[in-house]
Amino acid sequence: MSSELEVGRHALVPKHEVLSKKEVEELLKQYKIHTHQLPLIKSSDPAAKAIGAKPGDVLKITRKSQTAGEAVFYRYVIEG
Amino acid sequence: MVGVSPDTIKTEVSKLEGEVPESVVHELRGALLRVSKERAITREQIEQIIEGVKQAYTSAIVEPGEAVGTIAAQSIGEPGTQMTLRTFHYAGVAELNVTLGLPRLIEIIDARKTPSAALMTIYLKEKFAKSKEKAREFAHKIELTTVEDVALQTETDLINMVFIITLDRSRMQRKELTPSKIASTIKDTLNTDVGIDGYKLRIKPSTTTLSELRKLATRVRALPLRGVKGITRVVVKMEDDEYVVHTEGSNFLEILSMPEVDQTRTVTNNIHEIEEVLGIEAARNAIVNEAVKTLEEQGLNVDLRHIMLVADMMCASGEVRQVGRHGVSGEKASVLARASFEITTKHLLDACIHGESDKLDGIIENVIAGQPIPLGTGSVELVMRRGGEGGTK
């Protein structure tokens with residue numbers, strides 16, 4: 001009775017992308033922070049799993065926001 | 001004076017992208033194009049407008065060092081005093097049991113594992129959403145039906161040591177069940193002998209003791225015959241041109257994997273289920289949506305940004321944490337900050353045992369110590385560069 005569940009298609013799930021090494025560096029430089037200062041996401045998180053994120057990656061999350069139209073958020077992938 | 005063309009407006013406005021949020025750019029572009037149809041706008045005017053927008057936006061940004069958390073707490077807290085304290089029973093249109101007002105808001109903020117009234121809104125795929133019959137059929141399919149729901153009467157025959165169920169004919173018809181179907185389900189799941197006698201089922205326990213018979217009786221009564229676990233009531237409603245199924249009780253994963261269900265829109269009010277099935281970002285959105293819904297329903301207008309801040313904090317660690325001593329507040333780095341919140345002695349004692357130190361870089365610690373707090377203008381420190389030429393920077 002099951003049809004495969006595609007997490008990314010649900011209206012509640014914003015777009016998740018894995019950032020490349022270079023992009024991560026730029027991001028950290030821009031905000032003058034370290035990766036551990038970013039909000040976290042578990043590697044077992046369904047949305048992270050769907051794009052194959054591994055611990056140590058930084059995800060770029062493009063949220064649809066009612067106030068800003070589009071808002072970008074970052075999360076650091078941790079084991080869990 | 002000749003006005004500029006719509007194309008120039010578009011290119012000029014799109015220069016703002018990256019500087020101001022997308023929604024502002026979008027709104028400005030729309031407004032300028034609309035006005036330019038009525039009267040000419042000169043290039044100079046456009047530049048002035050764009051500059052004005054930029055300034056208005058930058059002056060509206062929260063300043064560094066602003067106590068956004070305190071402001072959010074006050075902004076949600078004050079309207080909270082006006083909310084209903086009454087817990088339950090709001091009939092509404094769909095006769096569903098809904099938790100409202102302050103109790104619901106507390107439930108969301110506390111990140112309770114199960115809401116006291118779980119609800120799902122199930123959207124169906126187009127094929128099913130347009131036809132009333134198909135939507136009804138689906139509703140019947142998911143509603144949990146136990147043996148007790150289709151029984152007219154149940155009795156325990158102590159002389160023959162059997163449990164007898166008299167089935168209700170009309171109820172069974174509605175649920176598309178037959179006595180033999182029910183009997184075989186009971187036989188398969190409980191591994192007992194079931195005799196069928198018209199609309200009467202006689203169930204014999206494996207050992208003929210009284211306690212065994214009683215145990216069997218309760219198990220048989222609660223035995224699910226069809227439906228989805230957890231879904232206790234189902235209501236089909238017409239909403240914007242399509243049939244939507246509302247349920248009491250929730251089982252997000254199982255409902256989502258049913259072929260009739262629209263996987264993109266179906267939601268539950270159980271935030272933990274959303275976190276498990278769709279992830280932390282979806283949970284954050286769900287927290288925002290649920291909180292806004294609860295506040296709006298009470299006629300209260302809280303700025304969305306406050307709620308978003310709370311939701312972001314609750315989800316910052318990668319899982320949904322409550323705002324309270326087991327979550328956000330309980331995981332503050334400073335001992336003094338934690339001790340000043342709840343269970344003071346425990347925190348102080350634990351800190352002593354572990355030899356914790358407090359760097360006094362938060363608000364509460366500095367209030368306790370009687371120093372200026374690092375907030376607003378207090379959050380800046382002066383660092384002098386020693387040596388060098390002096391006076392250059």
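Predicted model: local features only at pLDDT ≥ 70, side-chain atom pairs only at ≥ 80, totals over all residues.

Q: What does the secondary structure of chain B come to?

A: Chain B has 18 helices and 10 strands.

Q: Is chain B compact or spread out?

A: Spread out. Its radius of gyration is 31 Å, while the globule rule gives 21 Å for 393 residues, so chain B is more spread out than a compact globule. The C-alpha trace spans about 105 × 70 × 40 Å along its principal axes.

Q: Which domains does the assignment give for chain B?

A: Domain 1 covers 6-60, domain 2 covers 145-226 and domain 3 covers 332-379. The C-alpha centres of domains 2 and 3 of chain B are 62 Å apart.

Q: Now the inside. How many residues are in the largest nonpolar core?

A: It has 56 residues. B:Ile122, B:Ile142 and B:Val320 are among those with the most contacts inside it. Helix α14 of chain B, residues 280-297, gives the most to this core, with nine residues.

Q: What does B:Ile122 touch?

A: Beyond four places in sequence, its contacts include B:Phe138, B:Ile142, B:Val244 and B:Ile255. There is also a second, separate core of 22 residues, which includes B:Val147 and B:Leu225.

Q: Back to helix α14 of chain B. B:Glu290 lies there. Buried or exposed?

A: Buried. B:Glu290 has 10% relative accessibility, and the cut-off for buried is under 20%.

Q: Which residues is B:Glu290 in contact with?

A: Leaving aside neighbours within four places in sequence, they are B:Arg104, B:Ile108, B:Thr268, B:Asn269 and B:Ile271.

Technical notes: Residues numbered from 1 in each chain as written. Chains lettered and ligands numbered in written order. Heavy atoms only, no water. Core = buried A, V, L, I, M, F, W, Y, C linked by side-chain atoms within 4.5 Å. Buried < 20%, exposed > 50% of the residue type's maximum accessible area, 1.4 Å probe, protein only. Helix = DSSP H or I, 4+ residues; strand = E, 2+ residues; numbered from the N terminus. Contact = heavy atoms within 4.5 Å. Domains from an automatic or database assignment. Rg over C-alpha atoms; globule rule 2.2 N^0.38 Å.
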